[in-house]
There are 2 protein chains.
Amino acid sequence: MKAGIIGLGLIGGSMAVDLRRRGFAEEILGVEAEPVNAAAALKIGLVDEVVDMEECIRRSDVVIVAVPAGQAVNLLPEVLDSFGEGSGSKVVVDVCSTKEQLAAAVASHPLRRRYVSTHPMAGTEYSGPWAAMAGLFDGHACIICDPEESDADAVKMAEAIYDVLNMRVIYMNSSAHDVHAAYVSHISHVTSFALALTVLEKEKDEKHIFDLASGGFSSTVRLAKSSPDMWTPILSQNRDNVLHVMDTYIEKMQAFRKAIESRDEDAVRGLIEDANRIRRIIR
Amino acid sequence: MKAGIIGLGLIGGSMAVDLRRRGFAEEILGVEAEPVNAAAALKIGLVDEVVDMEECIRRSDVVIVAVPAGQAVNLLPEVLDSFGEGSGSKVVVDVCSTKEQLAAAVASHPLRRRYVSTHPMAGTEYSGPWAAMAGLFDGHACIICDPEESDADAVKMAEAIYDVLNMRVIYMNSSAHDVHAAYVSHISHVTSFALALTVLEKEKDEKHIFDLASGGFSSTVRLAKSSPDMWTPILSQNRDNVLHVMDTYIEKMQAFRKAIESRDEDAVRGLIEDANRIRRIIR
């Protein structure tokens, strides 16, 4: 199997590592617009060659689009265009965190059925080929969206990839995906960004933050290190769902604020006990 | 050295573990109001005996008050009362997360100088003697408040304890402590509680939360498992500082909300880049 990966960052790079060492791909071609990242990906050994998109598509059996969601909207139709006629069994898979706009971008493409929409839900707060790591996806969930819009053999290819990556595959339509992703993933990035902004504004003495930050603060603020290149388009493409969850979140903060301000310890305790229900669900 | 620990939860229990195995205390007496917790602490071997408060104080060289902040306000003056006259070299240390109200509660006590106000900034989201663990404090910061209000030998005793626990000691007055703790610790618990409440309200299907929660969500929501017994009095005692930080936090969320709503990608990117400055400070 020859795999082409467009975008050699954390996700594309980590897929390359495990698809190779677990024997899925004997050759991996990379496409990377940023010269420093391209050189690093080659040097680290994530890919065998860095080539241009046309060559990558021509030589690969499966093409993985692992660029930020904002770029993928334009790039995905171009990949399908390049498949051309008689492309036969070639498949393209994307790994973006938002799915509805991408689905719309290729909805009427004549080769739509060679595309499989996927979201492997794993990552770290780091980015770039140097952040790529083995085992990143192991045990996490991967959503395959709108499988009925893709050819059966194309879906099988995507399933084979995520099987090699040890992911639990869940099926959902794009619209449901974006709603759930806003609830469970996107909002926690926004709250983490806001926490970092708050602490940086209130605590002018950075040494105090460093000295006093305990494990609790570090884990809560960790996602605030996440890349603007990745998250700006996600928050933009999933705007309506994210705004809806943010409104609920701000209401909860206001409820806490009111209970604390009015010295209503029963109400504060009640809110914390409600929040504690998450214990049953998360680990 | 004989150490008495009042409150055998996560903090008191973990101190017992390391003070014993690192040779600081050859005997550890515990006081624990909850019978199940007391029996567990004995069975786990955190303490040699569970005794009543009077006996604990009489037989201990140093008494560590490790109960929730709401109880400590009443308990700490009682401990000093029990020291009585001629108590000589006995020392009491508390480990609460809020310090100003405690300082006020003992300000005019005739034995005030035998008390040292401390806050070892370490913990997990779990509680009870079964959550106690070795090495919990290693490498974290411990704040000693108002050291000039305590006898020099009492401060030395506290320093010796935190030296054994491998903590970096920082000195601060109680008021400054409560401001900084609100910025760096208390707010991140409130944001985590609010996140849990939001996700539990929006995502009625708990299986979806379980399936889709990635490492990022889990780490951001982790603190929402924290105990209401501990956190209700902290938020109450540090009310003014916490409200002040919450207001700034809600402003930052509103700024994000506005940027996303108005489709201003430059503003969203700017906010994320600002938040990314936390990278320089946290790990």
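This is a predicted model: local features need pLDDT of at least 70, side-chain atom pairs count only at pLDDT 80 or more; totals for chains, interfaces and linings use all residues.

Trainee: At what angle do α12(A) and α10(B) pack, and is their arrangement parallel or oblique?

Mentor: The axes of α12(A) and α10(B) are 9 Å apart, and the angle at which they pack is about 135 degrees.

Trainee: Which residues of α12(A) make the contact with α10(B)?

Mentor: α12(A) passes α10(B) in a right-handed crossing. On the side of α10(B), the contact is made by B:Pro228, B:Asp229, B:Trp231, B:Thr232, B:Leu235 and B:Ser236. The residues of this contact divide into five nonpolar, two polar and four charged, and those that α12(A) contributes are A:Glu265, A:Val268, A:Arg269, A:Ile272 and A:Glu273.

Trainee: How many nonpolar residues are in the contact of α7(A) with α11(B)?

Mentor: Helix α7 (residues 174-202) of chain A and helix α11 (residues 239-261) of chain B pack at about 130 degrees with their axes 9 Å apart, and they are therefore oblique to each other. Their crossing is right-handed, and the contact includes A:Phe193 and A:Leu197 of α7(A) as well as B:Tyr249 and B:Phe256 of α11(B). Of the residues in the contact, four are polar and three charged, and the number that are nonpolar is nine.

Trainee: Why does the aromatic pair of A:Phe256 and B:Phe193 join two chains?

Mentor: A search of the whole structure finds three aromatic pairs over all chains. A:Phe256 and B:Phe193 form a stacked pair, with 5.8 Å from centre to centre and 15 degrees between the planes. Because A:Phe256 lies in helix α11 of chain A and B:Phe193 in helix α7 of chain B, the pair joins two chains.

Trainee: Are A:Phe256 and B:Phe193 buried or exposed?

Mentor: The cut-off to apply is a relative accessible area under 20% for buried and over 50% for exposed. By this rule, both A:Phe256 and B:Phe193 are buried.

Trainee: What is the relative accessible area of B:Lys99?

Mentor: B:Lys99 has its place in the loop between β5 (91-94) and α5 (100-106) of chain B. Leaving aside residues up to four places away in sequence, B:Lys99 touches B:Asp94, B:Ser117, B:Thr118, B:His119, B:Cys145, B:Ser174, B:His177 and B:Asp178. B:Lys99 is buried, and its relative accessible area is 0%.

Trainee: Within chain A, how are α1(A) and α6(A) set to each other, roughly parallel or roughly perpendicular?

Mentor: The axes of helix α1 (residues 10-21) and helix α6 (residues 152-164) of chain A come within 9 Å and cross at roughly 85 degrees. Angles of 65 to 115 degrees fall in one class, so α1(A) is, to α6(A), roughly perpendicular.

Key. Residues are numbered from 1 along each chain as its sequence is written. Chains are lettered from A and ligands numbered from 1 in the order in which they are written. Side-chain values use heavy atoms; hydrogens and water are left out. Rings of Phe, Tyr and Trp (its six-membered ring) pair if their centres lie within 6.5 Å; planes under 30 degrees apart count as stacked, over 60 as edge-to-face and the rest as tilted. Helices (H or I, at least four residues) and strands (E, at least two) are DSSP runs, numbered from the N terminus. Buried means under 20% relative accessible area, exposed over 50%, partly exposed in between (1.4 Å probe, protein chains only). Axes are lines fitted to C-alpha atoms, for helices over the stretch in contact, and angles run from 0 to 180 degrees between N-to-C directions. Angles under 35 degrees count as roughly parallel, over 145 as roughly antiparallel, 65 to 115 as roughly perpendicular and the rest as oblique. A crossing is left-handed if the near helix is turned anticlockwise from the far one by less than a right angle, and right-handed if clockwise. Contact means heavy atoms within 4.5 Å. Ala, Val, Leu, Ile, Met, Phe, Trp, Tyr, Cys and Pro count as nonpolar, Asp, Glu, Lys and Arg as charged, and the others, Gly among them, as polar.
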